[in-house]
Amino acid sequence: MNFIKTTEQDSNYNHLEMMSVSELLKNINNEDKTVAIAVEKALSQIETLIEQIIIKLKIGGRLFYMGAGTSGRLGILDASECPPTFGVSHDLVIGLIAGGDTAIRKAVEFAEDSTTLGWEDLQFYNVNQNDVVVGIAASGTTPYVISALELCNNNNIITGCITCNQDSPLSKTAQFPIEVIVGPEFVTGSSRMKAGTAQKMVLNMITTTTMIQLGHIKGNKMVDMQLSNNKLVDRGTKMIMAELNIQQEEAKSLLDTYKNVRLAIKNYKHGNK
């Protein structure tokens with residue numbers, strides 16, 4: 001490789017096995033503090049990719065995340081939280097991991113090394129020019145991701161990436177790369193640590209900003225959230241109470257009727273109680 005894998009460089013610490021629990025926690029925390037600063041330096045790149053995602057989703061496109069190992073799991077996590085949080089379809093944000101669903105819990109040997117499976121996984125969903133595909137790889141060298149993005153580029157599908165090494169093969173492949181340079185991990189090469197934290201922060205930014213821009217948040221409230229448990233029903237009831245200045249019993253009745261905070265508020269304001 002003609003680039004430096006900072007995520008593979010030796011840790012800034014040594015003899016970890018000789019540290020006390022207190023020392024380990026303090027040092028891990030000190031390293032974690034640097035992640036937000038690294039993300040801040042990439043904000044312009046994050047913004048550029050999000051703008052492309054918003055454009056495509058507004059015309060009916062979808063957002064795909066692709067990764068292997070920790071990166072793939074983080075993409076699936078972010079995608080799976082969009083429907084309950086923002087009330088969107090499960091088909092709007094889709095997370096793919098090398099090795100399929102089995103790899104969510106257990107590593108699938110050599111799956112990330114395939115140069116064909118990534119595109120096959122996308123083809124299963126009939127990926128097209130309305131979609132955006134974002135590859136996630138701390139190292140920026142994962143064949144499963146890079147090969148898929150190359151074929152996306154060839155088929156006029158917008159591509160982005162999240163990586164933690166500069167000038168990696170993945171960054172050079174993606175049309176809209178995001179590079180969050182977190183430096184050496186506390187445990188040398190363990191990219192589930194700082195790199196994983198950085199990726200999660202960027203994913204939070206991508207979906208949250210996109211969904212706000214698509215109108216799924218009102219004020220600062222999740223008015224389109226799925227009412228999938230008692231806690232969320234209670235939260236939704238309180239949102240309605242605050243927005244309409246009504247009592248709990250009436251707010252709960254509205255929520256029971258319309259099954260959605262936004263619809264309950266809208267119908268009340270239109271005289272439908």
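Let's start where helices H5 and H6 meet: their axes come within 7 Å and cross at roughly 55 degrees. Here an axis is a line fitted to C-alpha atoms, for helices over the stretch in contact, and angles run from 0 to 180 degrees between N-to-C directions. H5 and H6 are therefore oblique to each other; angles under 35 degrees count as roughly parallel, over 145 as roughly antiparallel, 65 to 115 as roughly perpendicular and the rest as oblique. This is a predicted model, so local features need pLDDT of at least 70 and side-chain atom pairs count only at pLDDT 80 or more, while totals for chains, interfaces and linings use all residues. Residues are numbered from 1 along each chain as its sequence is written, and side-chain values use heavy atoms, with hydrogens and water left out.

Which residues do the touching? Leu117, Gly118, Trp119, Asp121 and Leu122 in H5 meet Tyr144, Ala148, Leu151 and Cys152 in H6, where contact means heavy atoms within 4.5 Å. Sorted by class, this contact of H5 with H6 has seven nonpolar, one polar and one charged residues. For the sorting, Ala, Val, Leu, Ile, Met, Phe, Trp, Tyr, Cys and Pro count as nonpolar, Asp, Glu, Lys and Arg as charged, and the others, Gly among them, as polar.

Now stay with H6, which covers residues 143-154. Helices (H or I, at least four residues) and strands (E, at least two) are DSSP runs, numbered from the N terminus. The expected span of a helix is 1.5 Å times one less than its number of residues. For the twelve residues of H6 that gives 16 Å, and its end C-alpha atoms are 16 Å apart, so the two agree. The buried residues of H6 are Tyr144, Val145, Ile146, Ser147, Ala148, Leu149 and Cys152; buried means under 20% relative accessible area, exposed over 50%, partly exposed in between (1.4 Å probe, protein chains only). Their cover includes strands S1 (63-67), S2 (93-97), S3 (132-136) and S4 (158-163), along with helices H5 (117-124) and H7 (169-173). After H6 comes asparagine 156, whose phi is positive, near 60 degrees.

With 0% relative accessibility, methionine 66 counts as buried. Leaving aside neighbours within four places in sequence, its contacts include Tyr144, Val145 and Ala148, as well as Gly118 and Leu122.

Next, look at threonine 7, in the segment before helix H1 (21-40). Is threonine 7 buried or exposed? Its relative accessible area is 2%, so threonine 7 is buried. Threonine 7 and alanine 195 are 188 residues apart in sequence and 7.6 Å apart in space, C-alpha to C-alpha. Alanine 195 is one of the buried residues of H8. The 20 residues of H8 (194-213) should span 28 Å, and the end C-alpha atoms are 29 Å apart, which agrees. H8 is followed by glycine 215, whose phi is positive, near 95 degrees.

Finally, helix H10 (residues 248-258) and helix H11 (residues 261-269) pack at an angle of about 110 degrees, with their axes 8 Å apart. That makes H10 roughly perpendicular to H11. Their contact is made by Glu250, Leu254, Leu255 and Tyr258 of H10 and Val261, Leu263, Ala264, Asn267 and Tyr268 of H11. By class, those residues divide into seven nonpolar, one polar and one charged.
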